[in-house]
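Subject: Structure handover

Dear colleague,

Here is the structure I said I would pass on. Please look through it first; my notes follow below.

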Amino acid sequence: MSMGEQKQSKRGREERIASLEGAFQLAELAGGGCLKGKRVLIVDDIYTTGATIRSAAGVLYAGGAAEVCAVTVARSVGKSSAGGQ
């Protein structure tokens, strides 16, 4: 992370979505059609807004994946969702 970058966890929803534009791309091997018709699993450490998973899934679908699923270890909840604390 460069000095001017901020952690995703410290950004708001709109900032997260905007910062992911162009963040994912397929490696040359995957761009050659090896994803065509495949089922792909994305593993992410924390789900906050879903922007990371949607962005990565979009690239995988564009690369030919037939299905993209995701698993996360934790789900972030806002203060209002956590009993107003």
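Of the 85 residues in the protein chain, 21% are buried (under 20% relative accessible area; exposed is over 50% and partly exposed lies in between, with a 1.4 Å probe and protein chains only). This is a predicted model, in which local features need pLDDT of at least 70, side-chain atom pairs count only at pLDDT 80 or more, and totals for chains, interfaces and linings use all residues. Residues are numbered from 1 along each chain as its sequence is written, and side-chain values use heavy atoms, with hydrogens and water left out.

The protein chain has three helices and two strands, in the order α-α-β-α-β from the N terminus. These are DSSP runs: H or I of at least four residues for helices, E of at least two for strands, numbered from the N terminus. Among contacts (heavy atoms within 4.5 Å) with a separation of 6 or more, 69% join residues 24 or more positions apart.

Leucine 41 sits in strand β1, residues 39-47. Leucine 41 counts as exposed because its relative accessibility is 52%.

As for cysteines, cysteine 34 is partly exposed at 38% relative accessible area, and cysteine 69 is partly exposed at 34%. A disulfide is a pair of cysteine sulfur atoms within 2.5 Å; by this rule the count is zero.

Regards
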